[in-house]
Each structure stands twice: as structure tokens, then as C-alpha cells.
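Student: I would like a close look at one part of this model. Please take it in one connected answer.

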Amino acid sequence: MLVLPDREAAEEAAERAAEEQPLEGMPQIVREALAGEDDAEDAQWLVVLEDPDGVLDRAALHALAEEYEGWVETD
């Protein structure tokens with residue numbers, strides 16, 4: 001999952017991930033408020049990437065997230 005600061009960054013990163021990674025379809029984009037925050041400004045945008053077979057290039061995903069001032073969150 002990529003954690004990004006705004007919707008535009010999430011949409012662009014999702015498109016690039018779909019082009020650059022062996023994904024089936026477009027990744028899901030979800031908005032999530034930070035724990036304990038009520039202000040809508042304090043929300044993060046998540047790009048959910050399914051990788052049950054472990055085939056995604058994690059280094060490339062980290063680089064992609066950093067380009068958009070975000071990071072990769074793993075389960």
C-alpha cells in the first residue's frame with residue numbers, strides 16, 4: 001500500500017503503478033483519516049496494491065511513493 005498526501009498524487013501513482021508493475025487492473029484508491037484526527041485536512045490517500053504472489057518490485061514502489069512525498073506501508 002502506498003500512503004500519499006493528496007488525491008492527485010494518489011491517482012497519478014496508481015496509474016504509474018498499473019503501468020509499471022504486474023497488476024491485474026487498476027489499484028484501489030482510498031482516503032483515510034489519521035488516527036485521532038477529526039480535521040479533513042489531516043487525511044491520507046492510500047493506493048492499495050494486491051500482491052498475493054509477491055511479484056511486485058518493492059524497491060520501485062518505494063521510489064514511486066517517495067516521488068510523490070509518500071511512503072510504502074506493509075501489513
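Student: Which residues have the most contacts inside the largest nonpolar core, and how many residues does this core have?

Tutor: The model is predicted, so local features need pLDDT of at least 70 and side-chain atom pairs count only at pLDDT 80 or more, while totals for chains, interfaces and linings use all residues. Residues are numbered from 1 along each chain as its sequence is written, and side-chain values use heavy atoms, without hydrogens and water.

The largest nonpolar core has 17 residues, and L2, L4, V47 and L49 have the most contacts inside it. Such a core is a set of buried Ala, Val, Leu, Ile, Met, Phe, Trp, Tyr and Cys residues joined through side-chain atoms within 4.5 Å. At least two of its residues come from each of β1, α1, β3 and α2, and α1 supplies the largest share, 5 residues. (Helices are DSSP runs of H or I, at least four residues; strands are runs of E, at least two; both are numbered from the N terminus.)

L4 touches A9, A10 and A13, among others including W45, V47 and Y68, leaving aside residues up to four places away in sequence; contact means heavy atoms within 4.5 Å.

Definitions and conventions:
Buried < 20%, exposed > 50% of the residue type's maximum accessible area, 1.4 Å probe, protein only.
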